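Open the structure in a viewer and keep the selection panel at hand. The stops below are meant to be followed in order.

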Amino acid sequence: MTKDVFILNSSDGSESIELPVESGAIGPDVIDISKLYEEKNVFTYDPGFVSTASCHSKITYIDGDEGILLYRGYPVEQLAKSSHFIEVAYLLLYGELPNKNLLNDFSSSITHHTMLNEGMLRFFNGFRYDAHPMAMLSAIVGSMSAYYHDTMDINSVHAREIFAHRIIAKLPTIAAAAYKHTVGQPFVYPRNDLGYCENLLHMFFSVPAENQEIDPVAVEALDLLFILHADHEQNCSTSTVRMAGSSGTNPYSAIAAGISALWGPAHGGANEAVLRMLEDIGSKKNIQKYIAKAKNKDDPFRLMGFGHRVYKNYDPRAKIIREMCHKVLNQKGRNNSPLLELAIELEEVALNDPYFIEKNLYPNVDFYSGIIYQALGIPTSMFTVMFAIGRTVGWVAHWREMIADPSGKISRPRQLYTGQPERDYMSLDNRA
Ligand code: SDX
């Protein structure tokens with residue numbers, strides 16, 4: 001809804017432009033600058049898009065100052081308490097909580113898309129045993145565009161529907177296959193009599209010699225983690241999926257691009273980096289040394305799992321994950337886990353340090369999640385893959401929203417050019 005105008009004047013008053021101001025349902029207004037270049041031959045400049053809204057979206061709302069996170073209007077705390085991942089997946093994809101029939105149909109469709117084409121399984125034999133699981137995940141998801149030709153027509157609503165269910169269903173199977181490859185064990189097929197998280201644990205930890213007994217606390221923890229990782233507005237990887245998808249490429253390739261962006265330690269790779277950081281810190285006596293490194297401008301070290309582009313308050317997801325940490329470790333009889341003790345002490349020290357206070361640096365979603373994954377027996381190298389399983393729902397929801405937007409166009413930012421002005425070619429003989 002356009003309600004007002006924002007008047008931009010040049011410093012000498014010679015130029016002026018009225019820019020429409022648009023309001024959303026909640027949150028900051030936006031100044032529509034789409035005509036600025038055409039009318040005034042200037043660009044805006046916002047590296048990292050700190051103050052830039054890239055699209056309209058109805059999926060997720062974040063208030064970074066208040067620490068609010070809503071999925072289709074529902075507070076994530078309520079969904080974490082009362083819902084489950086497949087129901088949240090339906091909500092994010094379709095915009096409303098499903099009734100019993102819709103939920104059963106959706107859940108059954110996901111269950112019946114969990115198997116992989118056998119040809120895709122053979123790809124894993126081509127990877128070294130120590131290949132990073134995120135490298136395997138992005139490669140295998142990208143290869144889906146070489147298998148599922150029937151769901152490549154992005155203009156077909158039916159094809160988009162099958163793609164959505166297929167990719168959400170297959171991520172745990174691909175993740176489990178990557179894990180089995182790294183541990184040299186045979187791939188375990190999904191079972192249709194198991195739920196989404198039960199199936200994942202079965203495919204990860206069962207072996208031909210015996211089936212894995214499914215721990216209900218592990219199922220509860222994974223389901224909660226997938227809910228909390230499902231979506232987060234226009235974060236780096238989701239914006240990558242939208243950017244790639246805006247060219248009209250097939251959806252599997254767009255998701256593969258998102259997986260690559262998520263891998264970075266500044267983004268989803270932080271959960272793996274937090275565990276490695278805690279292991280490097282080793283004991284509470286070393287905390288101050290690492291806090292000093294994080295504050296030292298000349299040191300590239302950052303406190304992993306701390307800080308956030310949007311949250312200048314406690315990440316609401318981190319609070320919920322920390323509580324689940326205690327529950328899982330207590331159930332595993334490891335309530336005095338050295339890693340958790342160290343993380344809690346590190347958080348305490350950082351939150352009382354003036355540097356972190358004045359820069360509004362709080363624990364984010366990645367700070368505690370790895371401690372749960374480790375307690376469930378999932379290796380550190382698989383942590384970002386686990387993040388990707390949950391976030392695939394958000395990537396798919398945003399891709400569908402972008403593709404269905406009639407005003408959508410290819411994303412193509414401009415730049416401030418600071419290179420050489422035009423100059424003539426100099427032959428090799430004339431160069432110094
Ligand atoms: C995720 O966008 C999303 O929504 C992401 C995510 C999602 O669900 O999709 O929430 C998931 O990616 C969470 C973030 C995981 N990353 C980490 O934990 C890595 C460590 N954190 C930082 O790299 C950093 O905080 C970012 C990348 C998360 C945010 O960086 P910004 O918004 O670009 O902020 P910035 O780098 O400009 O930092 C502001 C200041 C800087 O100091 P000054 O230059 O102003 O003096 O805070 C400092 C930074 O040096 N700072 C840190 C710090 N994070 C920021 N100093 C030490 N340790 C840190 N962790």
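Start at the largest cavity, which has a volume of about 30 Å³. A cavity here is a set of points, on a 1 Å grid over the protein atoms alone, where a 1.4 Å probe fits but cannot get out. Grid points are joined across faces, edges and corners, and the volume is the space filled by probe spheres set on the points. With a threshold of 30 Å³ or more, the count is one cavity.

The model is predicted: local features need pLDDT of at least 70, side-chain atom pairs count only at pLDDT 80 or more, and totals for chains, interfaces and linings use all residues. Residues are numbered from 1 along each chain as its sequence is written, and side-chain values use heavy atoms, with hydrogens and water left out.

Select G307, H308, Y311, N313, Y314, D315, Y362, P363 and N364 to show the lining of the largest cavity (lining residues have an atom within 4 Å of a point). By class this lining has four nonpolar residues, four polar and one charged. Ala, Val, Leu, Ile, Met, Phe, Trp, Tyr, Cys and Pro count as nonpolar, Asp, Glu, Lys and Arg as charged, and the others, Gly among them, as polar.

Next, display polar contacts (pairs of N or O atoms within 3.5 Å). Which backbone atoms lie by a nitrogen atom of the ligand? A polar backbone atom of A266 is 2.9 Å from a ligand nitrogen, and a backbone N or O atom of L303 lies 2.8 Å from a ligand nitrogen. On K297, pick the polar side-chain atom that lies 3.2 Å from an oxygen atom of the ligand. The protein covers 77% of the 1000 Å² of accessible area that the ligand has on its own (Shrake-Rupley method, 1.4 Å probe).

Finally, select residues 60–63, strand β4, and residues 68–71, strand β5, which pair antiparallel over four bridges. Strands are DSSP runs of E of at least two residues, numbered from the N terminus, and pairing requires at least two bridges. Four residues separate the two strands in this hairpin, and G67 in the turn has a positive phi of about 65°. L70 in β5 stands opposite Y61 and also opposite P75 in β6.

Methods. Polar contact = N/O pair within 3.5 Å; in protein donor to acceptor, adjacent residues only side chain to side chain. 1 Å grid on protein atoms, 1.4 Å probe; cavity = no way out; pocket = protein on both sides within 12 Å on 5 of 7 lines; lining within 4 Å.
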